[in-house]
Amino acid sequence: MEQPIGLRLPVEFVQKIEMMSKKEREDRSTTMRKLLIEGYQLDQQREEIKKRRGLEEQLKKDLERLGIKPLGILLSSLV
């Protein structure tokens, strides 16, 4: 079940939301819900990328410590 929330936003931002709502032919709540969900998903993806980069850097350090030269292939490019 959906739960309503309230928040205060700058007038300029609300105007942009209203313009987007008109363009998409949706009500303001639907537009805000979509933007919040998309923003959350992007944040999660960004966190995953940072995590992978950290693991990649640690792997490079471990390989160098073992005397193994990295091939220059990034793990993130394999996924």
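Predicted model: local features only at pLDDT ≥ 70, side-chain atom pairs only at ≥ 80, totals over all residues.

Student: Which residues make the nonpolar surface patch?
Tutor: Ile5, Leu7, Leu9, Phe13 and Leu36 make a patch of about 480 Å². Patch members have over 30% relative accessible area and no salt bridge, with nonpolar side chains (Val, Leu, Ile, Met, Phe, Trp, Tyr) joined within 5 Å and like charges within 9 Å. A salt bridge is a Lys or Arg side-chain nitrogen within 4 Å of an Asp or Glu carboxyl oxygen, and areas are Shrake-Rupley with a 1.4 Å probe, only the protein chains shown counting as cover for residues.

Student: How exposed is Phe13?
Tutor: Phe13 is partly exposed, at 35% relative accessible area; buried is under 20%, exposed over 50%, partly exposed in between (1.4 Å probe, protein chains only). Phe13 lies in helix H1; helices are DSSP runs of H or I, at least four residues, numbered from the N terminus.

Student: Switching topic: what's the phi of Arg25?
Tutor: Near 60°, positive though Arg25 isn't glycine. Most residues other than glycine have a negative phi. Arg25 sits in the loop between H1 and helix H2 (28-65), and is exposed at 79% relative accessible area.

Student: Which elements have the lowest and highest mean pLDDT?
Tutor: Helix H3 (residues 75-78) is lowest at 55, and helix H1 (residues 11-24) highest at 95.

Definitions and conventions. Residues numbered from 1 in each chain as written. Heavy atoms only, no water. pLDDT = per-residue confidence, 0-100. Helix = DSSP H or I, 4+ residues; strand = E, 2+ residues; numbered from the N terminus.
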